[in-house]
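Subject: Structure handover

Hello,

Please find the structure below, with the sequence. My notes on what was found in it follow directly after.

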Amino acid sequence: MTRAARVGGIALLALLAWQALVTAFALPRFILPGPGLVLETLWTSRALLAEHAFFTTIEVLLGLILGGILGFASAILLTASQLARFVLRPMLVFSQAVPVFALAPILTLWLGYGLWSKIAMALLIIYFPVTSAFFDALMRTPPEWLELSRVMNARPARILWHIRVPAALPGFASGLRLAAVYAPIGAIIGEWVGASRGLGYLMLLANGRAKIDLMFAALIVLAVLTLILHAAVDAACRRLLES
Amino acid sequence: MSAAPALHLSGRATIAGGPIFGPLDLDVPAGEWTCLLGPSGVGKSTVLRLLAGLGGALAFDGTATAGDGRPLTGRVALMAQQDLLMPWLDATANVCLGAVLRGDAAQRTRARALLERVGLADHVRKRPQALSGGQRQRVALARTLMEDRPVVLLDEPFSALDARARALMQDLSAEVLAGRTVLHVTHDAAEAARLGQTVLLMTCSGITAIEVPQTPAPRRFDAPETLAFQGHLLRQLMETQ
């Protein structure tokens with residue numbers, strides 16, 4: 001059985017179980033709508049969903065790109081400078097003790113209701129996993145390679161750029177793969193706290209109006225977006241590592 | 001390449017308080033192939049690392065110098081048991097690694113010529129994973145030649161190869177490294193019997209020179225003198241235990 005058939009089969013089973021649950025307990029549509037209704041809403045509200053999905057996608061992508069760049073640069077800085085390790089590493093760990101979710105209202109206050117507060121949330125939520133995955137990999141360069149470089153009278157900056165960084169790219173890639181899944185969470189939380197567009201905003205709005213079918217439709221769109229993003233990042237990382 | 005110097009090392013080395021090798025004296029003649037033969041764990045590789053300037057975590061009480069009195073830094077090339085090729089670089093770029101790491105211009109034409117010399121003319125653009133173990137070690141040899149250092153330190157570079165690849169690699173290395181001061185650490189009596197212009201036996205009690213046959217190295221692997229010498233070396237190794 002191919003992968004697509006397997007995934008399709010599991011999805012179909014899940015839909016059937018969902019419908020069975022709704023039928024068996026005679027759940028009202030404002031508690032749990034059946035899959036048929038949700039699919040119908042998905043179709044009828046497609047323009048609305050697409051519009052909000054567009055903004056969420058922009059936020060997630062920008063957050064991912066900026067967070068990726070910042071994480072890459074931070075890990076290199078931490079590797080290159082002992083002072084940076086001494087000063088920044090405790091700060092990094094401390095920053096993880098503060099729940100990113102709790103920062104959402106502050107970020108909205110500082111950056112406004114527009115795109116940037118959501119981008120900042122996505123960035124903050126992925127910054128640590130990317131930095132730490134890449135930094136760990138940078139610190140695990142095979143010692144024999146470093147010794148060979150020393151015998152060759154290599155310059156430290158060149159060892160970093162020509163040996164440590166390429167050797168650590170698989171670590172950076174695994175950080176990015178995690179980030180692709182985390183970034184949408186950041187954007188959605190940002191939208192919940194204060195926004196006028198985006199899938200998170202739409203879900204909150206639909207919930208307030210007891211349009212649970214629309215909420216579920218938005219949830220499905222979000223899940224599909226995340227899966228596509230993860231697959232795209234995965235494919236990009238593979239190409240990066242093969243080149 | 002500047003003139004190949006002799007090498008001297010004397011002293012004792014410890015790591016975290018525990019001894020690695022006792023007081024010993026090592027003399028490596030200039031421009032010759034010297035095999036440092038000994039059982040595992042007597043500190044042969046440590047001797048090599050000290051000469052390469054890779055002392056690192058160990059405490060060395062003594063001196064590691066060149067016969068001409070000038071520092072060894074920048075005059076030493078190292079070839080280890082693993083090929084240490086960068087998997088993301090092709091054979092040519094791996095040969096040019098030293099120049100790239102120093103910020104010098106990479107001489108790709110010269111790198112290709114060296115790869116041709118070690119018999120890899122058809123593989124200059126291949127990545128390490130597309131090469132066999134023997135071919136990879138040839139790339140490492142070309143990289144060592146590219147560095148063009150008068151002193152070459154070999155740390156069991158042939159021990160991971162199969163018998164045929166090993167014999168071919170030994171002949172090739174002896175040919176291309178001729179004229180340099182080579183210190184070759186090995187635990188293989190057959191290898192020392194073939195390659196050593198000087199053979200030193202290293203044991204826990206120190207280093208002793210062993211008289212070598214008249215035939216010039218590299219000696220034929222099936223010549224009676226080579227086999228007799230191999231047997232002699234193996235006996236010495238057995239008796240030291």
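B:Leu9 has its bridge partner, B:Leu26, in S2(B). The two strands involved are S1 of chain B, residues 7–15, and S2 of chain B, residues 18–28, and they pair in the antiparallel sense over eight bridges. The hairpin of S1(B) and S2(B) has two residues between the strands, and B:Ala16 takes a positive phi near 50° there. Please keep in mind throughout that this is a predicted model.

Chain A

Read from the N terminus on, its elements run α-α-α-α-α-α-α-α-α-α. The C-alpha trace of chain A spans about 75 × 50 × 30 Å along its principal axes.

On the contact between them, five residues of domain 1 of chain A meet eight residues of domain 2 of chain A. Together these two domains bury about 600 Å², and carbon and sulfur atoms give 69% of that area. On the domain 1 side, A:Trp18, A:Gln19 and A:Arg29 lose the most area to domain 2 of chain A, together 79% of what that side buries.

What polar links cross between the two domains of chain A? The count of salt bridges between domain 1 and domain 2 of chain A is zero, and there is one residue pair in polar contact. By class, the side of domain 1 of chain A that touches domain 2 has three nonpolar residues, one polar and one charged.

Chain B

Chain B is also divided into two domains: domain 1 takes in 1–75, 151–165 and 179–241, while domain 2 covers 84–148. Five residues from domain 1 of chain B and six residues from domain 2 of chain B make the contact. The C-alpha centres of these two domains lie 26 Å apart.

The area that domain 1 and domain 2 of chain B bury between them is about 470 Å², with 57% of it on carbon and sulfur atoms. One salt bridge is found across this interface. The side chains of B:Asp148 and B:Arg180 meet in a salt bridge at 3.2 Å, N to O. Two residue pairs in polar contact are also found across the interface of the two domains of chain B. The side of domain 1 of chain B that touches domain 2 has four nonpolar residues, no polar ones and one charged one.

Between the chains

How much area do chain B and chain A bury between them? The figure is about 1900 Å², 65% of it on carbon and sulfur atoms. B:Leu84, B:Trp88 and B:Leu101 supply 33% of the area that chain B buries against chain A, more than any other three residues. The contact takes 25 residues from chain B and 19 residues from chain A.

Between chain B and chain A the count is one salt bridge. The side chains of B:Arg49 and A:Glu147 meet in a salt bridge at 2.8 Å, N to O. Eight residue pairs in polar contact are found across the interface of chain B and chain A.

Helix H1 (44–52), strand S5 (76–79), helix H3 (97–102) and helix H5 (133–147) of chain B each supply at least two residues of the side that touches chain A. The largest share, five residues, comes from H3(B). By class, the side of chain B that touches chain A has 13 nonpolar, six polar and six charged residues.

Salt bridges overall

How many salt bridges does a search of the whole structure find? Over all chains, that search finds 14. B:Arg49 lies in helix H1 of chain B and A:Glu147 in helix H7 of chain A, residues 143–151, so this pair joins two chains.

Regards

How values were computed. Residues are numbered from 1 along each chain as its sequence is written. Chains are lettered from A and ligands numbered from 1 in the order in which they are written. This is a predicted model: local features need pLDDT of at least 70, side-chain atom pairs count only at pLDDT 80 or more; totals for chains, interfaces and linings use all residues. Side-chain values use heavy atoms; hydrogens and water are left out. Domain bounds come from an automatic or database domain assignment. Contact means heavy atoms within 4.5 Å. Buried area is the accessible area (1.4 Å probe) that two parts lose on being put together, summed over both. A salt bridge is a side-chain nitrogen of Lys or Arg within 4 Å of a carboxyl oxygen of Asp or Glu. A polar contact is a pair of N or O atoms within 3.5 Å; within protein, one must be able to donate a hydrogen and the other to accept it, and residues adjacent in sequence count only if both atoms are side-chain atoms. Ala, Val, Leu, Ile, Met, Phe, Trp, Tyr, Cys and Pro count as nonpolar, Asp, Glu, Lys and Arg as charged, and the others, Gly among them, as polar. Helices (H or I, at least four residues) and strands (E, at least two) are DSSP runs, numbered from the N terminus. Two strands pair if DSSP finds at least two bridges between them.
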